[in-house]
Amino acid sequence: MNEYFPRKGSAYPPRGTLDRIRWLPSLLSQRFSDLGSSMASDITLLQRQMVSTINTLERFTKRPRLLDVDDAIWMSARFGSVDSLAKRCDGVICGNDRIADHFSRLNRCIYIIPTAIDVRIFIPKNSDDKSVRRKIGWVGTSGNLKYLYAIEKVIENVLKLYDDVDLLVVSDKAPEFKSLAPSRVYYRTWSEENEVSDIQSMTLGLMPLADSPWAQGKCSFKMLQYMSCSVPAVVSPVGMNVQVAEKGGALLAATLSEWQEAIVSILVDDSLRGKLAKEARNAVCRFYATEKVATQLAEIFRFYV
């Protein structure tokens, strides 16, 4: 079976107006090439619009056509483009129940397949690697730093309690905290080559979220990355986070006091930390490993060919 996945290229527009004027014709030229390639395939799999936030050539791709969604992308689309695209597809693959609920009103063929993690790449650190200082870690894009800022007071309290604990932030932009001592905050620019080692260096990983429609559409990817590396996670009980946490390896925290209690319990209780680390890796390997998810996707693809 030959599936076609349109190249991502530079689907997101640059910031400058002149750069955008040059960008669009170049991207459309690439998409015309993608369109031709889809004609030689058995299935076309779209993960969002072929040009950011608007529909262009999607309706001309070869059918059967499937839309794969792992975020609340309809909320940032213009002119209802994502919803229109879903209606033109033969099925929609959704990363969680919240996404499935939205698209079930637009398409009769809905499949729920979780986000996959390559457990051969995201692996636990070498047990012989002993670090003097412990790290509370957060990984994410700078647009999501607002969620980390929301628990800044909790982190400040924890760092005051434990002199050997620091905060590690891995992002595309350095954080701007109001009260955390700069000497206790380490910033690492995200890079593919360092992502795994950065996560492995963490004692625990954080995934705070606001309980908003956008956050409810998230598929817990960062949480799963922590867990695949046997890093216990403390996460907000929002969206898919709850389902993942139920499988073990993570603690849920809704209020600031719950956040502090969960973080401290992992830091001080070696037995709990070891238990969560083991549960985390096992849960990802059982339910979210690339091989597991690929098998589910293959069954859907076979249905259409």
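User: Trp74, buried or exposed?
Analyst: Trp74 comes out at 14% relative accessibility, so it counts as buried. The cut-offs are under 20% relative accessible area for buried, over 50% for exposed and partly exposed in between, with a 1.4 Å probe and protein chains only. Keep in mind that this is a predicted model: local features need pLDDT of at least 70, side-chain atom pairs count only at pLDDT 80 or more, and totals for chains, interfaces and linings use all residues. Residues are numbered from 1 along each chain as its sequence is written, and side-chain values use heavy atoms, with hydrogens and water left out.

User: How many aromatic pairs does the structure hold?
Analyst: There are five aromatic pairs. Rings of Phe, Tyr and Trp (its six-membered ring) pair if their centres lie within 6.5 Å; planes under 30 degrees apart are stacked, over 60 edge-to-face, and the rest tilted.

User: And what are the rings of Trp74 and Phe103 doing?
Analyst: Their centres are 5.4 Å apart and the planes sit at 90°, so that pair is edge-to-face. Helices (H or I, at least four residues) and strands (E, at least two) are DSSP runs, numbered from the N terminus. Phe103 is buried too, with a relative accessible area of 0%.

User: What about Phe303 and Tyr304?
Analyst: Also edge-to-face, because the ring centres are 5.1 Å apart and the planes are at 85°. Phe303 is exposed at 61% relative accessibility, whereas Tyr304 is buried at 17%. Together with Tyr111, Phe303 and Tyr304 form one aromatic cluster. Phe303 is found in helix H12 (residues 290-304).

User: Which charges lie over the face of a ring?
Analyst: Arg134 lies over the face of Tyr162, at 5.9 Å from the ring centre, and Lys247 does that with Phe287 at 5.1 Å. The test is NZ of Lys or CZ of Arg within 6 Å of the ring centre and within 35 degrees of the ring normal.

User: Switching to helices: at what angle do H8 and H11 pack?
Analyst: Helix H8 (residues 221-228) and helix H11 (residues 270-287) pack at about 115°, with their axes 7 Å apart. Axes are lines fitted to C-alpha atoms, for helices over the stretch in contact, and angles run from 0 to 180 degrees between N-to-C directions.

User: Which residues make that contact?
Analyst: Leu224, Met227 and Ser228 from H8, and Ala280, Arg281, Ala283 and Val284 from H11. Contact means heavy atoms within 4.5 Å.

User: Which residues of H6 are buried, and what do they pack against?
Analyst: In helix H6 (residues 192-200) the buried ones are Glu195, Val196, Asp198, Ile199 and Gln200. They pack against strand E6 (134-139), strand E7 (165-171), strand E8 (185-189) and H8.

User: Last one: where does Ala245 lie, and what is it in contact with?
Analyst: Ala245 lies in helix H9 (residues 240-246) and is buried, with a relative accessible area of 11%.
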